[in-house]
Amino acid sequence: DWESTVPDAPWPNGIVPGTNDSVDIEDPVVVTVRSNAAASYIYGSGTVVMGTNAFLQVVDPTYGSGTFSLTNLDATAVGNTVVYTTNPFWARRTDYYNLVFSNTVTTNPQDFYNGIVLDTAATPMTIAGDMTVIGKIKVQQGDDFTIQGNLVLGTNAVWDCSSFNLTVMSNTTIGGLMLDLDGAAGANNFEGNVLVTSNSVGWNVSDVIQWSVGGSLTNQGLIVGKGYGNINFTGSGAIAGNPIKIPTIGVSGTYQIATTITLTTNTPTLTGTLIFDLANTNELVMQTYATNPMTLYYAGNLNVINSGPAPTPGKTYKFFSATNYNGAFDSTSYPPLSSGLSWTDNLLTSGSITVSGTAPASIVITSSAYNPATHQFTLTWNSTPSATYSVQYSSNLASDPFSNNVLATGIPSGGAQTTDTITLPANSAGFLRVSQP
């Protein structure tokens, strides 16, 4: 055991290594970390095994002059964490449960660890838990990275996922900078939610056309791109936060457009479902160029919801902006409207829909009479020809919903005025109202 103080089992004189010590472990020795351990760096032909929930910190702050050159490291036990407070170039190329890169050196302004992980003897790495990058560190892949938990980039951290595939199976927080500087040679997949924080440098989608998001994207910072950079939204959720301006997107899942998205290079690929809310209208915008007018091609499904006030006659809601429009949605769904109103589809001319028609006048009860012998109210109200009405009753003077007690429904309009007689429950007090429908 790493923590053992027994002489030569494993340490000379039983002195457990500390953060300033270089540790030499030679074959056939196997040292197991069962709680907390630290060293400046570790080398030799032997083996270190991480126990369940154990913690190991490699502290060497000297640009990797001391290496983690140990032949064997087994860091796959559930819940264990290995922290490199050092240049990630020297990280052991193996699988981990939780892996942390942390640069805490602040005395030298040049201390930016530009680690090309797996550059030598590159091999795919799987992080079964979470991956965290803290401090002034740049991580550049040398082979595939699969993170089965969360990926967290701290404020100054940079991840350049060039050439190979990065997969994050849970959520990603970008507090630093996410980018790929090596064209379309790899695919970068965020299968959960992605958050770009307000204090981040942001997310640069330049060059790579193979970014995908399976959950929601919340942009509290900056997302930019050029060329044919693309984010493909493959799952379900919302695209929200600060406006986004990138070359193009694809939507093959179901996504609410909860911020304005401007596309600068190419038309989006729409095969899934776009959701827009009338209460907070955002747009999908194709940037206009005088020498190259952009056409937006509709496809997939359009679902418009309304979480705000009821639409009024003549109101226009614009969802798309482009020089030209073409194609067609496979299906469209719009919120229900009051009697006398309908939706006019202007998607192929202006990217919008408009409320057409005339709304019925507000209902006003103009007279009422009560017969105590029969417990009957006779109500008269102003009405609209060809409309139908219902009368509802609430027995609770505080908060009982009217809709739970419908006394009469399907009452036909009497023209300009409608009269109906309703029998009330005996020995009760309450409220009556007239509703359409």
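1. The lining of the largest pocket has 9 nonpolar, 1 polar and 3 charged residues. Here Ala, Val, Leu, Ile, Met, Phe, Trp, Tyr, Cys and Pro count as nonpolar, Asp, Glu, Lys and Arg as charged, and the others, Gly among them, as polar. A pocket is an open set of points on a 1 Å grid over the protein atoms alone where a 1.4 Å probe fits, with protein on both sides within 12 Å along at least five of seven lines; lining residues have an atom within 4 Å of a point.

2. Before you go further, note that this is a predicted model: local features need pLDDT of at least 70, side-chain atom pairs count only at pLDDT 80 or more, and totals for chains, interfaces and linings use all residues. Residues are numbered from 1 along each chain as its sequence is written, and side-chain values use heavy atoms, leaving out hydrogens and water.

3. Which residues lie nearest the centre of the largest pocket? They are Pro10, Trp11, Pro12, Val23 and Asp24, out of 13 lining residues. Strand E1 (residues 22–24) gives the largest share of this lining, 3 residues.

4. Now the whole chain: it has 1 helix and 47 strands. These are DSSP runs numbered from the N terminus (helices: H or I, at least four residues; strands: E, at least two).

5. The C-alpha trace spans about 105 × 70 × 35 Å along its principal axes. Of the 437 residues in the chain, 44% are buried, meaning under 20% relative accessible area with a 1.4 Å probe, protein chains only.

Definitions and conventions:
Buried < 20%, exposed > 50% of the residue type's maximum accessible area, 1.4 Å probe, protein only.
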